[in-house]
Amino acid sequence: MSLLFLIPLLPLLGFAINGLAHPKLPKQIAGIIGTIPPLVAFALSLQLFLNFDGQAQILPIADWIKVSSLEIPFAFQIDQLSILMLLVITGVGTLIHVYSIGYMSHDAGFGKFFAFLNLFVFFMLILVLGANFTVLFIGWEGVGLCSYLLIGFWNQKNSYGDAARKAFIMNRIGDLGFLVGIFLLIQDFGTTDYQTIFTAIQSGDYTTDLSIIAFCLFIGAMGKSAQIPLFTWLPDAMAGPTPVSALIHAATMVTAGIYMVIRANALFELSPEVLHFVGWIGLATALLGAAIGLFQNDIKKVLAYSTVSQLGYMFMGLGASAYTASFFHVMTHAFFKALLFLGAGSVIHAMSDEQDIRRMGGLKSKMPITFITFMLGTIAIAGIPPFAGFFSKDEILASLYHHDPIMWSLAILGSALTSFYMFRVFILTFYGEFRGTEKQAHHLHESPITMTLPLIILAVFSVGGGLINLPHFAGGNEFLAHWLAPLLPEAGEAGEVNFLSLEGGAPLLAAFLPAFLAIYVFGMQKSVPSEDSEISGIQKIIYHKFYIDELYDMLFVKPIAFLSNFFFQVIDFLVIDLFVEGLGRFVKYASSEFRRVQTGNVGIYLFCMVAAIVVILFVSLKSTILQ
């Protein structure tokens with residue numbers, strides 16, 4: 001347990017070394033310094049997992065905040081949930097670091113990039129290790145800062161900086177709700193400590209309305225995990241290097257909202273109306289993300305909207321109190337989404353930074369490892385058995401079937417859309433004739449081992465990750481459900497998947513039929529998506545993401561910009577500048593006039609003194625005479 005402190009400390013050390021010394025460090029050394037910390041942290045997390053005795057432990061680090069009766073220590077909590085998160089973050093994070101050695105090998109900011117990656121992992125570890133909401137919030141803000149630094153890493157283009165600022169600002173909107181929730185917790189419970197709050201809630205020792213607190217906390221989760229209406233920052237975050245996309249989408253930032261709701265399940269369970277809201281927001285986000293993904297042609301943006309959609313499924317599970325199923329999907333999604341993003345990065349690397357799938361095709365023979373691993377990731381996210389995504393997503397669907405049949409029906413529709421757009425991307429990228437330029441055709445090659453090795457490892461977990469929580473019908477013992485049982489409420493009726501039943505058959509059809517349709521349209525018919533100028537009707541509306549960005553621009557950005565210009569050009573100039581500068585000029589003029597009195601000439605001073613005496617005498621004599 002004493003080695004626990006090293007788990008977050010090692011990435012912080014890697015950040016410090018690379019951050020300070022990267023201009024002078026050779027790239028190979030910087031890569032090793034950046035990769036070893038998360039690797040050793042993973043080994044320590046694995047040891048922690050293997051030796052865990054089932055008893056949650058609080059590890060105080062230092063006294064932190066003391067204001068009157070309020071005391072908030074900086075402390076870590078080790079329990080079943082934090083240990084699993086440690087394994088996912090450090091395990092997937094390490095593979096992304098290894099991949100980055102190859103992907104960023106030609107980048108001038110190589111060492112700085114690894115420093116930021118280490119800092120990202122450090123803050124995510126702080127987030128999941130925190131023993132109270134305040135420490136969690138430190139990690140929460142830290143990953144927000146790192147996402148800003150990494151999304152805008154290639155800041156030579158204004159669009160990259162705009163994407164970084166967009167992510168930063170939209171997350172701050174959600175964070176405001178999160179902060180209000182924390183303040184309400186302090187007001188009602190006098191602490192932000194998990195165990196104290198959850199014990200009080202479970203014993204009924206509270207008088208406040210928990211729904212308001214739960215709702216405020218969920219607003220924070222909506223921003224961090226990109227749910228409607230705070231989701232538009234996530235697809236734009238693709239401006240960063242591809243390993244950053246994989247890190248944000250798979251193992252860190254976007255899963256923070258899911259983690260927080262699962263951690264605070266005792267609070268949310270007593271707020272059924274908020275859970276209902278969580279479920280429907282998740283459903284709306286899942287459908288919207290899947291619909292937009294249908295017509296996107298940028299390979300990374302398709303994956304980004306896929307993440308938005310899959311996060312919606314996780315929140316749907318939370319809304320149905322299926323916490324284990326949602327966390328199961330967090331884990332499997334980390335495997336196959338990291339795999340898909342890194343696979344997309346391998347394709348982009350070979351295509352000389354081309355990201356449009358209309359300019360690809362025929363990469364199967366040129367990039368066999370990327371092809372096979374990307375195919376496995378596609379099958380996994382489509383929910384085809386026995387790959388990992390089938391078990392985790394269908395566990396959520398099974399819970400929804402018993403929770404709300406309408407929600408379940410719409411979730412099946414979203415699952416079908418997912419299968420179609422993922423196979424669309426896969427077929428258009430790897431099959432058919434090559435549609436790129438002659439120069440790109442000569443540059444096509446498989447990626448180096450530093451990039452393909454993480455793909456292979458992630459592909460193995462994308463295929464077999466379902467074994468982690470294998471249901472009874474498949475001979476499993478539902479390990480994850482038993483492992484998390486001490487922290488979660490007793491699971492509601494989810495049922496087991498029966499392939500011949502409605503709840504079992506419909507997800508299978510939703511996975512297979514759209515996949516066959518995509519193979520037929522884009523593989524056998526060799527259809528290629530139209531150019532942007534040829535798109536019209538409903539397809540154009542969806543392709544432009546329902547014009548939600550434009551709507552936000554019209555409702556928020558332009559009015560704020562107008563008001564800013566008004567205050568700058570009118571209020572600032574006419575009121576502030578004229579008044580302040582006018583006052584300053586008057587004082588300056590008066591000073592220059594009074595300055596004439598002080599000439600430094602003793603004769604003048606004597607003359608003034610005598611004149612003053614004469615005036616005083618005159619006034620005094622006049623007063624005496626008048627009396």
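Helices (H or I, at least four residues) and strands (E, at least two) are DSSP runs, numbered from the N terminus. By that rule the protein chain has 25 helices and 2 strands. This is a predicted model, in which local features need pLDDT of at least 70 and side-chain atom pairs count only at pLDDT 80 or more, while totals for chains, interfaces and linings use all residues. Residues are numbered from 1 along each chain as its sequence is written, and side-chain values use heavy atoms, with hydrogens and water left out.

**Overall build**

- Along the principal axes, the C-alpha atoms of the protein chain fill a box of roughly 125 × 70 × 50 Å.
- The protein chain has 627 residues, and 53% of them are buried. Buried means under 20% relative accessible area, exposed over 50%, and partly exposed in between (1.4 Å probe, protein chains only).
- The accessible surface of the protein chain is about 27,100 Å², and carbon and sulfur atoms hold 68% of it. Such areas come from the Shrake-Rupley method with a 1.4 Å probe; for residues, only the protein chains shown count as cover.
- Contact means heavy atoms within 4.5 Å. Of the contacts between residues at least 6 apart in sequence, 80% join residues at least 24 apart.

**The strand pair**

- Strands β1 (residues 57-67) and β2 run antiparallel and are joined by 8 bridges. Two strands pair if DSSP finds at least two bridges between them.
- A62 has F74 in β2 as its bridge partner. I58 stands opposite Q77 in β2.
- The hairpin of β1 and β2 has 2 residues between the strands, and S68 takes a positive phi near 55° there.
- Strand β2 (residues 70-78) is largely enclosed by the rest of the structure, because 7 of its 9 residues are buried.
- Q77, in strand β2, is buried, with a relative accessible area of 4%. Beyond its neighbours within four places in sequence, Q77 is in contact with Q57, I58, S82, L129, G130, A131, Y194, Q195 and R263.

**Nonpolar cores**

- A nonpolar core is a set of buried Ala, Val, Leu, Ile, Met, Phe, Trp, Tyr and Cys residues joined through side-chain atoms within 4.5 Å.
- The largest nonpolar core has 175 residues, and F133, W233 and F268 touch the most other members. Helix α15 (residues 323-350) gives the most to this core, with 17 residues.
- Apart from this core lies another, of 17 residues, including A286, L400, I412 and A416.
- Leaving aside neighbours within four places in sequence, the contacts of F133 are F178, I182, L185, T192, Y194, I197, F198, L217 and A264.

**C146 in helix α5**

- C146 sits in helix α5 (residues 133-151). Its relative accessibility is 1%, so C146 counts as buried.
- With neighbours within four places in sequence left aside, C146 is in contact with F116, L119, F120 and F123.
- C146 and F120 are 26 residues apart along the chain, and 5.5 Å separates their C-alpha atoms.

**A nonpolar surface patch**

- F573, L574, V575, I576, L578, F579, V580, L583, F586 and V587 form a nonpolar patch on the surface, with about 1,000 Å² of accessible area together.
- Patches are made of residues with over 30% relative accessible area and no salt bridge; like charges are joined within 9 Å, nonpolar side chains (Val, Leu, Ile, Met, Phe, Trp, Tyr) within 5 Å. A salt bridge is a side-chain nitrogen of Lys or Arg within 4 Å of a carboxyl oxygen of Asp or Glu.
- L583 belongs to helix α24 (residues 548-594). L583 is partly exposed, with a relative accessible area of 48%.
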